[in-house]
Amino acid sequence: MSRPPFLSLPACARAYRLSTVRGEFAVHEALPPGGEGRGVALLVPGFTGSKEDFLALLEPLARAGYRVVAVDGRGQYETPGPDDDEAAYAQKELAADVLALVAALGGERVHLLGHSFGGLVCRAAVLADPAPFASLTLMSSGAGAIAPAQQARTRRLVEGLTAFGMEAVWQAMQQEEDAEGGAADAGTPPELAEFLHRRWLSTRRAQLLAAARQLVEEPDRTAELAALELPLHVVSGAEDYAWPVPGLNAFAAALSAARTVVAGAGHSPNAERPQETAEALAAFWDAADGVSRTCPA
């Protein structure tokens with residue numbers, strides 16, 4: 001899971017609940033200096049994540065001239081959702097939520113970014129209706145299902161969530177991290193460790209189950225995505241356990257997409273190397289605005 005480097009909102013940002021035709025969503029919104037910007041960006045978090053995973057991107061992206069909105073998806077952390085109805089979290093439902101969020105942001109064409117599982121949701125949204133979008137960035141999110149080793153781990157998580165409560169699964173995950181090479185919270189400030197625990201317990205069990213199943217079953221939709229007349233960007237760290245970097249390189253090539261590899265980052269460059277990641281995102285969005293699929297890498 002992503003571990004944000006800090007939890008405080010920058011001065012340019014605020015937290016509120018965004019009303020849409022599909023309900024209210026908890027968001028963090030950052031505005032550029034003076035309030036007038038080049039465009040709007042919507043950031044969608046991944047599996048076990050939340051809007052806080054993008055906290056370190058808000059200020060640099062706003063400084064670059066973008067209105068930035070990071071969201072808790074349906075059933076994630078501070079956005080409500082049913083606890084026992086996996087059908088509410090089907091990919092088409094989450095994609096419809098993204099389209100509703102874009103409409104609620106004022107009708108501008110939006111630069112859409114999805115991290116990890118959020119990337120699967122975001123590509124489903126643009127495949128359903130590309131018209132509202134100025135570009136799509138897939139961050140640490142690949143062509144189809146996650147790597148086989150991660151599929152096995154995710155299936156074990158599904159078994160645990162099915163058989164036990166959220167707290168019991170959390171404790172088991174902490175023990176597994178300890179066994180894999182050091183204390184799970186080693187070097188983690190107490191307030192961040194408490195937040196990660198609270199976020200896990202606040203996320204709906206049905207959302208986690210539905211997302212986990214999608215991660216291990218997702219088909220390869222590269223051909224559909226490549227057929228869109230939309231600027232595309234594939235971003236990752238230099239290492240990635242969920243979708244290994246060689247596969248992401250091939251995915252980007254098949255899409256004719258811009259490709260950014262963030263040095264020194266793993267699965268969450270948004271949290272691990274936010275300044276470098278923000279610079280790459282702003283450069284891509286600048287190039288994508290009013291530009292065809294030939295935008296530079």
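A salt bridge here is a side-chain nitrogen of Lys or Arg within 4 Å of a carboxyl oxygen of Asp or Glu. Side chains of opposite charge can pair when their charged atoms come close. The structure is a predicted model, so local features need pLDDT of at least 70 and side-chain atom pairs count only at pLDDT 80 or more, while totals for chains, interfaces and linings use all residues. Residues are numbered from 1 along each chain as its sequence is written, and side-chain values use heavy atoms, with hydrogens and water left out.

Searching the whole structure turns up 20 salt bridges. One of them pairs glutamate 86 with arginine 213, with 2.9 Å between the closest N and O atoms. Glutamate 86 sits in the loop between β4 and α2, and arginine 213 in helix α7 (residues 205-217), so this pair links distant parts of the chain, 127 residues apart. Helices (H or I, at least four residues) and strands (E, at least two) are DSSP runs, numbered from the N terminus.

A second pair brings arginine 199 together with aspartate 53, the closest N and O atoms being 2.8 Å apart. Arginine 199 belongs to helix α6 and aspartate 53 to the loop between β3 and α1 (55-63), so parts that are 146 residues apart in sequence get tied together. Both arginine 199 and aspartate 53 are buried.

Then there is aspartate 97, which forms a salt bridge with arginine 22 at 2.5 Å between the closest N and O atoms. This pair, too, links distant parts of the chain: aspartate 97 is in helix α2 (residues 91-104) and arginine 22 in the loop between β1 and β2 (23-30), 75 residues apart. Aspartate 97 is buried, at a relative accessible area of 3%, whereas arginine 22 is partly exposed at 29%. Through shared partners, salt bridges join Arg22, Arg74, Glu93 and Asp97 into one network.

On to the strands. Eight of them make an open sheet with mixed pairing, in the order β1-β2-β4-β3-β5-β6-β7-β8; two strands pair if DSSP finds at least two bridges between them. At the edges are β1 (13-20) and β8 (258-262), each pairing on one side only. On average, neighbouring strands of this sheet are turned by 25° against each other, direction ignored. Strands β5 (residues 110-115) and β6 (residues 133-139) run parallel and are joined by six bridges. Histidine 115 has methionine 139 in β6 as its bridge partner.

Helices pack on this sheet as well. Helix α3 (residues 117-128) touches β3 (39-44), β5 and β6, and its direction makes about 145° with that of β5. Helix α11 (residues 274-288) lies across β3, β4 (66-71), β5, β6, β7 (232-237) and β8, at about 150° to β6. For these angles, axes are lines fitted to C-alpha atoms, for helices over the stretch in contact (heavy atoms within 4.5 Å), and angles run from 0 to 180 degrees between N-to-C directions.

Threonine 188 counts as buried at 16% relative accessibility. Leaving aside neighbours within four places in sequence, threonine 188 is in contact with Arg3 and Ala193.

How values were computed
Buried means under 20% relative accessible area, exposed over 50%, partly exposed in between (1.4 Å probe, protein chains only).
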